[in-house]
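Hi,

Here is the structure I promised to send over. Have a look at it first, and then read on for my notes.

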Amino acid sequence: MTDWALLTNHARLLLAIEREPGLRVREMAERLGLSERGIALILRDLRSSGCVTSRREGRRALYTVVHDEPLRGGDVRHRTVGEFLRRFA
């Protein structure tokens with residue numbers, strides 16, 4: 001049987017940030033079983049789409065989910081990131 005997942009890595013990362021907003025990229029990678037480079041690319045996507053914001057605190061980047069941002073994709077554009085997180089968190 002082929003390996004597959006219900007949620008994309010983008011969705012999984014949103015959930016991880018929501019649950020533990022202080023995670024470092026390395027910790028995100030460990031929890032999701034992805035490379036740090038993969039996490040960085042997903043974070044770039046999420047920030048550029050407005051789903052996540054980041055700010056520096058010293059040398060650390062802190063990520064925050066933007067709950068009011070609409071989801072991407074044809075069938076779910078009428079839903080927000082916050083609605084998704086409430087359903088899957």
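Before that, some ground rules. This is a predicted model, so local features need pLDDT of at least 70 and side-chain atom pairs count only at pLDDT 80 or more, while totals for chains, interfaces and linings use all residues. Residues are numbered from 1 along each chain as its sequence is written, and side-chain values use heavy atoms, with hydrogens and water left out.

**The core**

The largest nonpolar core has 23 residues, and Leu-13, Leu-14, Ile-17 and Met-28 touch the most other members. By nonpolar core I mean a set of buried Ala, Val, Leu, Ile, Met, Phe, Trp, Tyr and Cys residues joined through side-chain atoms within 4.5 Å. Buried is under 20% relative accessible area, exposed is over 50%, and partly exposed is in between (1.4 Å probe, protein chains only).

At least two residues of this core come from each of helix H1 (9–19), helix H2 (25–32), helix H3 (36–48), strand S2 (60–65) and helix H4 (81–88). H1 has the largest share, with 6 residues. The element names follow DSSP runs, numbered from the N terminus: helices are H or I with at least four residues, strands are E with at least two.

Contact here means heavy atoms within 4.5 Å.

**The pockets**

Rolling a probe the size of a water molecule over the atoms shows where empty space is left. The largest pocket holds about 430 Å³ of space. For the record, a pocket is an open set of points on a 1 Å grid over the protein atoms alone, where a 1.4 Å probe fits, with protein on both sides within 12 Å along at least five of seven lines; lining residues have an atom within 4 Å of a point. The volume is the space filled by probe spheres set on the points, which are joined across faces, edges and corners.

Of the 19 lining residues, Ala-11, Leu-14, Leu-71, Arg-72 and Val-76 are the closest to the centre of this pocket. H1, H3 and H4 each give two or more residues to the lining, and H4 gives the most, with 4. By type, the lining divides into 11 nonpolar, 3 polar and 5 charged residues. In that count Ala, Val, Leu, Ile, Met, Phe, Trp, Tyr, Cys and Pro are nonpolar, Asp, Glu, Lys and Arg are charged, and the others, Gly among them, are polar.

The second largest pocket has a volume of about 200 Å³. Its lining consists of Leu-23, Arg-24, Val-25, Arg-26, Glu-36, Arg-59, Arg-60, Ala-61 and Tyr-63. That makes 4 nonpolar, no polar and 5 charged residues. S2 supplies the largest share, 3 residues.

**Salt bridges**

There are 4 salt bridges in the structure, each being a side-chain nitrogen of Lys or Arg within 4 Å of a carboxyl oxygen of Asp or Glu. One of them joins two residues from the second pocket's lining: Glu-36 and Arg-26, at 3.4 Å from N to O. This pair links distant parts of the chain, with Glu-36 in helix H3 and Arg-26 in helix H2, 10 residues apart. Glu-36 is partly exposed because its relative accessibility is 40%, and Arg-26 counts as exposed at 53%.

Another salt bridge pairs Glu-57 with Arg-55 (3.1 Å, N to O). Arg-79 also forms one with Glu-83, the closest N and O atoms being 3.5 Å apart.

**Two residues to look at**

His-67 lies in the loop between S2 and H4 and is partly exposed, with a relative accessible area of 32%. Apart from neighbours within four places in sequence, His-67 is in contact with Glu-18, Thr-80, Val-81, Gly-82 and Leu-85.

Arg-19 sits in helix H1 and is exposed, at 54% relative accessible area. Leaving out residues up to four places away in sequence, Arg-19 touches Phe-88 and Ala-89.

Cheers
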